[in-house]
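Let's walk through this fold together, one piece at a time. Keep the viewer open and follow along.

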Amino acid sequence: MKKFLLSTAAAAMLSTPALAALIDTRVDTTPGGATIDGAISADEYGLGNSYSYGGGGGGFGGTLGAGTLYMNSTNTDLQIGFQPGNNLNDNVVIFLDTRAGGFTDAMMGDRADGGRRGSSEISLDGNDSFDPGFLPDFSIVIGNFGIVTFELAAGGDGSLIFVDYNGTFTGSAPTPREYNIGLAAIASGPAANIDFFAAYTSDSAFASNESIPAWDPLNVGGNPGFGTAGTENPGYGNYDRFVTAPEPASLALLGLAALAIRRR
């Protein structure tokens with residue numbers, strides 16, 4: 001009987017893919033930041049552009065799955081670069097977990113426009129599961145209309161909180177997109193863990209199987225599409241991390257402040 005239970009448990013583990021967790025961490029150790037000019041230059045996002053993240057899936061042509069996401073930071077800003085792997089006909093939605101608390105797909109239902117819809121319901125009729133350790137607080141949506149940031153919130157139409165919009169980079173051509181958002185708006189300070197994953201979905205929330213980082217149960221299957229009411233899609237089980245760091249001048253100021261406290 002004990003052998004039967006063990007073999008049954010093992011079979012269940014093999015047949016049911018467990019949600020994964022943190023996949024890739026990049027730490028900002030270089031002074032200065034990126035130049036937000038629509039061109040991703042050598043060493044702009046770390047030495048050899050090492051602050052970069054790839055993904056998987058090709059359901060909508062590989063725009064996200066074959067694309068590359070870059071991050072960099074200064075004392076005041078998080079900088080994001082995205083090189084699409086194909087035409088940007090739909091919306092890249094980057095979910096950020098930067099503080100305590102957060103939201104699940106099931107808690108949100110803002111359908112007021114395509115950016116809000118993708119941020120609160122990646123696939124329209126499905127509850128897309130996230131890793132239990134990942135509860136996003138913000139979304140950054142990159143589309144052919146530009147780039148917009150929302151603070152996530154529970155509720156219906158209009159519930160997501162608008163944070164910022166930049167219309168510098170538009171259109172569907174697979175050209176680089178770059179974006180700058182103040183750390184004060186999304187994190188607690190210049191030293192922060194930015195946990196994130198990215199999905200790709202249409203204005204109507206018909207979801208692709210593409211993601212950053214890669215996640216096999218999602219990437220190797222068909223597109224989740226609109227999902228099915230009452231059921232979950234394979235979900236987004238993996239996430240990456242970018243660690244911002246204070247610039248040297250700020251570190252020196254922190255050291256002086258600590259020394260002053262000691263002297264007192």
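Start with strands β3 (residues 68-73) and β4 (residues 77-83), which run antiparallel and are joined by six bridges. Within this pairing, M71 sits opposite I80 of β4. Two strands are called paired here if DSSP finds at least two bridges between them. The strands themselves are DSSP runs of E with at least two residues, helices are runs of H or I with at least four, and both are numbered from the N terminus. Before going further, note that this is a predicted model: local features need pLDDT of at least 70, side-chain atom pairs count only at pLDDT 80 or more, and totals for chains, interfaces and linings use all residues. Residues are numbered from 1 along each chain as its sequence is written, and side-chain values use heavy atoms, with hydrogens and water left out.

Now widen the view. β3 and β4 belong to an open sheet of four strands, ordered β2-β3-β4-β9 with antiparallel pairing. β2 (52-54) and β9 (177-182) are the edge strands; each has a single partner strand, so one side of each is left without a neighbour in the sheet. From one strand to the next, the twist averages 20°, taken between axes that are lines fitted to C-alpha atoms, for helices over the stretch in contact, with angles running from 0 to 180 degrees between N-to-C directions.

Stay in β4 for a moment and pick out L78. Is L78 buried or exposed? L78 is buried, with a relative accessible area of 0%; buried means under 20%, exposed over 50%, and partly exposed in between, using a 1.4 Å probe and protein chains only. Leaving aside neighbours within four places in sequence, the contacts of L78 include M71, Y179, I181, I194 and F242, where contact means heavy atoms within 4.5 Å. F242 is 164 residues away from L78 along the chain, and their C-alpha atoms are separated by 9.8 Å.

Next, turn to β5 (residues 91-97). Seven of its seven residues are buried, so this strand is largely enclosed by the rest of the structure. Both faces are covered, with N91, V93, F95 and D97 on one side and V92, I94 and L96 on the other. β5 pairs with β10 in the antiparallel sense over seven bridges, and F95 stands opposite F197 in β10. β5 also pairs with β6, again antiparallel, over five bridges; there V93 faces V141.

From β10 (residues 193-201), three bridges lead on to antiparallel β11, with A199 and S211 as bridge partners. Six of the six residues of β11 (residues 207-212) are buried, so β11 is largely enclosed by the rest of the structure. The two strands make a hairpin with five residues between them.

Most residues other than glycine have a negative phi, and most peptide bonds are trans. A205, in the loop between β10 and β11, has a positive phi near 65°, and A205 is buried with a relative accessible area of 0%. D43 has a positive phi too, near 70°; D43 lies in the loop between β1 (22-27) and β2 and is partly exposed, at 45%. For a cis peptide bond, look at the one joining I212 and P213, where omega is about 0°. P213 is in the loop between β11 and α4 (216-219).

Finally, the aromatics. Rings of Phe, Tyr and Trp (its six-membered ring) pair if their centres lie within 6.5 Å; planes under 30 degrees apart count as stacked, over 60 as edge-to-face and the rest as tilted. The structure holds 13 such pairs. F130 and F134 form an edge-to-face pair, 6.5 Å centre to centre with 85° between the planes, and both residues are buried. F134 and Y239 form a tilted pair, at 5.3 Å and 45°. F134 lies in the loop between α2 (114-120) and β6 (138-143), and Y239 in strand β12 (residues 239-243), so this pair ties together parts that are 105 residues apart in sequence.
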